[in-house]
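Hello,

I am passing a structure over to you, with some notes on what turned up in it. Please have a look at it first and then read on.

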Amino acid sequence: MEKLQHGVFALILAVIVMAVLQLMPQWHDALTFHSESALSQGWPLISAHFIHLDWTHALFNYLALAVIVAIWHRHLNSRWLLNAMLLSAVTISLLLLFFEVQFVGLSGVIHGLLLYCLIRDAKQHRWMWLLVVAVLAKVVAELLGWRPAHFVGDDVALIHAAGLVSALVLLKLERRRLSDAVPEPLKNKNAER
């Protein structure tokens, strides 16, 4: 049971959801992110991240997510990981509304989770800042036109860059409770009742 608290449960749940959605190609068009309609439809803000172009694309993302959970399992619990994936997905989608983008896949969220974990560890292990710089340099190179052979489409660099911004949101909201967003006078007023 202890291992389930270290992000493994969230990993298993995410992979099951992604696999089920991958087995339902008739839903893919409705769940795909299209910047001109995603906000009015709502679901694509999250769903597009959990469907993939094909099984190879899906397996690549499943493996990347599994590596993140394997490396940082001591720092992740399943609740945090699920929340972080959803928050990252929505952040990425909202950022991509400003561009003419159509996409599916988890790579933006993976970039966000990776950068978050690296920055968090770099606070204790200074040498890890080199890895943070390497990830940032990779995405800048993508934005400048470098395209690995496995890239599909011109928007992948934007998706990865939005993922890096989502890491900053995760860092900002880290360890904050929802009640922290409520102003003190309202907290005191509710406590008196």
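On the face of α5 turned away from its buried side sit the exposed residues T56, L59 and L63. Please keep in mind that this is a predicted model.

Let me stay with this helix for a moment. α5 has 18 residues, and from its first C-alpha to its last it reaches 26 Å, close to the 26 Å expected at 1.5 Å a residue. Which of its residues are buried? In α5 they are A58, N61, Y62, L65, I68, V69 and W72. These residues lie on the same side of α5, because they cover an arc of only 125 degrees around the axis. As for partners, the buried residues of α5 pack against α1, α6 and α7.

At its start, a side-chain oxygen of D54 comes to within 3.2 Å of the backbone nitrogen of T56. F60 is also found in α5, and it counts as partly exposed because its relative accessibility is 49%. The C-alpha atom of F60 is separated by 9.5 Å from that of L106, although the two residues are 46 residues apart along the chain.

Now to the core. The largest nonpolar core has 50 residues, and F33, L65, M85, L96, L106 and L113 touch the most other members. Two or more residues come from each of α1 (8–22), α5 (55–72), α6 (78–96), α7 (107–122), α8 (129–143) and α9 (156–173). The most come from α7, which gives nine residues. In soluble globular proteins, nonpolar side chains tend to be buried together.

What does F33 touch, leaving aside residues up to four places away in sequence? The list is A38, P44, L45, A48, S93, L96, L97, V101, Q102 and F103.

Finally, the protein as a whole. It has ten helices and two strands, and from the N terminus on the elements run α-α-β-α-α-α-α-β-α-α-α-α. Of its 193 residues, 42% are buried. Among contacts with a separation of 6 or more, 72% are between residues 24 or more positions apart. The accessible surface comes to about 11,400 Å², and 67% of it belongs to carbon and sulfur atoms.

Enjoy exploring it!

Best wishes

Definitions and conventions. Residues numbered from 1 in each chain as written. Predicted model: local features only at pLDDT ≥ 70, side-chain atom pairs only at ≥ 80, totals over all residues. Heavy atoms only, no water. Core = buried A, V, L, I, M, F, W, Y, C linked by side-chain atoms within 4.5 Å. Buried < 20%, exposed > 50% of the residue type's maximum accessible area, 1.4 Å probe, protein only. Helix = DSSP H or I, 4+ residues; strand = E, 2+ residues; numbered from the N terminus. Contact = heavy atoms within 4.5 Å. Expected span 1.5 Å × (residues − 1). Arc of directions from axis to C-beta. Polar contact = N/O pair within 3.5 Å; in protein donor to acceptor, adjacent residues only side chain to side chain. Areas by Shrake-Rupley, 256 points an atom, 1.4 Å probe, with all protein chains shown as cover.
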